[in-house]
Amino acid sequence: MKLINDHLAVKAQALPATGDGFVMLAGEVGSWRGPFASAPTRLAARLKALVAGIEAREANVFRAVLRPPGEGEEVLAARGIRPARFDVVVLIRTASVEAALELRESAAYQELAETLRAASRRTHQIVADNAGRLGDVDHSQDHCFLFNYFYADDRETLLKVWEYTAGWFQAKTALPNSALMRPVEGEPADYGLVNHASWPNWRTFLPSLIFRPTFRTFVLANFKANGIAAQPIIYRRV
């Protein structure tokens, strides 16, 4: 791991990983105008009705609204990986990876997945475990929810860099939570980690991404120095 501007480096105050399993189903359905998304509300409402019939610890549907600055599209292009432009996401959390794998085979989930696939230009589906966390993401509030789709040739390097970049977000944006989802063996690895997190409102984080120079000189610079593609998208829960 290379650490750029290491005088700014502070490790995140992380918590032990959990044994949770995750099923994430994402689709490109609507359109993007620059960084702004227009995701279909009727489809999102239909998916919300379907997830109500899934037995899991929790299941939520999200609509994209904004793509903040990221890094590394040239890394994806060199490896033939398409950029993440998912404007609809379904996230299901289970008690274990085994439970997530079993749930994905259920009739209720298959109906959900087919509904999104039929409406999408492209879908992406993974079963994942928890690779690290800053705290549990609270879906009971109307917050701004992040899914950050990461790629790196070396996933261990990516985890180490995340410890420091997450430390920046804790210090500069008061990031209260984060759950790193890591695709289990045999799952698509276009995005080797997907970080899910939330903030209470836009004012908590967006000004720091626009006006704080260290977001570029430390966070984005360290992603670039380590060959990491980071593709953040902000969503609202349906």
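Ala 17 is placed in the segment before strand 1, where strands (E, at least two residues) and helices (H or I, at least four) are DSSP runs numbered from the N terminus. The model described here is predicted, so that local features are considered only at pLDDT of at least 70 and side-chain atom pairs only at pLDDT 80 or more, whereas totals for chains, interfaces and linings use all residues. Residues are numbered from 1 along each chain as its sequence is written, and side-chain values rest on heavy atoms, with hydrogens and water left out. With a relative accessible area of 43%, Ala 17 is partly exposed, a class that lies between buried (under 20% relative accessible area) and exposed (over 50%), as computed with a 1.4 Å probe on protein chains only. Not counting residues up to four places away in sequence, Ala 17 touches Asn 130, Ala 131, Gly 132 and Arg 133, contact being defined as heavy atoms within 4.5 Å. Ala 17 and Ala 171 are separated by 154 residues in sequence and by 21 Å in space, C-alpha to C-alpha. The segment before strand 1 also holds Asn 5, which has a positive phi of about 50° although it is not a glycine, and which counts as partly exposed at 30% relative accessibility.

Strand 5 (residues 88-94) is largely enclosed by the rest of the structure, because six of its seven residues are buried. Strand 1 (residues 21-28) runs antiparallel to strand 5 and is joined to it by seven bridges, while strand 4 (residues 58-66) pairs with strand 5, also in the antiparallel sense, over six bridges; two strands are taken to pair if DSSP finds at least two bridges between them. Val 88 of strand 5 is the bridge partner of Gly 27 and likewise the bridge partner of Arg 63.

Helix 5 (residues 155-173) has 19 residues, which at 1.5 Å a residue should span 27 Å, and the 25 Å between its end C-alpha atoms agrees with this; the expected span is 1.5 Å times one less than the number of residues. At the start of the helix, a side-chain oxygen of Asp 154 comes to within 3.0 Å of the backbone nitrogen of Glu 156. The buried residues of helix 5 include Leu 158, Leu 159, Trp 162, Phe 169 and Thr 173, and among the elements that cover the buried residues are strand 6 (122-135), strand 7 (144-151), strand 8 (178-183), strand 9 (193-199), helix 6 (202-211) and helix 7 (213-225).

Thr 173, which is found in helix 5, is buried with a relative accessible area of 1%. The side chain of Thr 173 reaches the backbone oxygen of Phe 169 at 2.6 Å, a polar contact being a pair of N or O atoms within 3.5 Å of which, within protein, one must be able to donate a hydrogen and the other to accept it, with residues adjacent in sequence counted only if both atoms are side-chain atoms. Leaving aside neighbours within four places in sequence, Thr 173 is in contact with Trp 168, Trp 199, Thr 204, Phe 205 and Ser 208. Helix 5 is followed by Ala 174, a residue of the loop between helix 5 and strand 8, whose phi is near 55°, a positive value in a residue other than glycine.

Ser 178 lies in strand 8 and is buried, with a relative accessible area of 0%. Apart from neighbours within four places in sequence, the contacts of Ser 178 include Gly 132, Leu 134, Val 137, Trp 162 and His 196. Ser 178 and Leu 15 are 163 residues apart in sequence, yet their C-alpha atoms are 9.8 Å apart in space.

The largest pocket contains about 190 Å³ of space and is lined by 15 residues, of which Phe 22, Glu 58, Arg 93, Val 137 and Ala 179 lie nearest its centre. Strand 6 gives the most to this lining, with three residues.Volumes are the space filled by probe spheres set on the points, which are joined across faces, edges and corners. The largest cavity has a volume of about 240 Å³, and among the residues closest to its centre are Phe 169 and Trp 199.

Technical notes: 1 Å grid on protein atoms, 1.4 Å probe; cavity = no way out; pocket = protein on both sides within 12 Å on 5 of 7 lines; lining within 4 Å.
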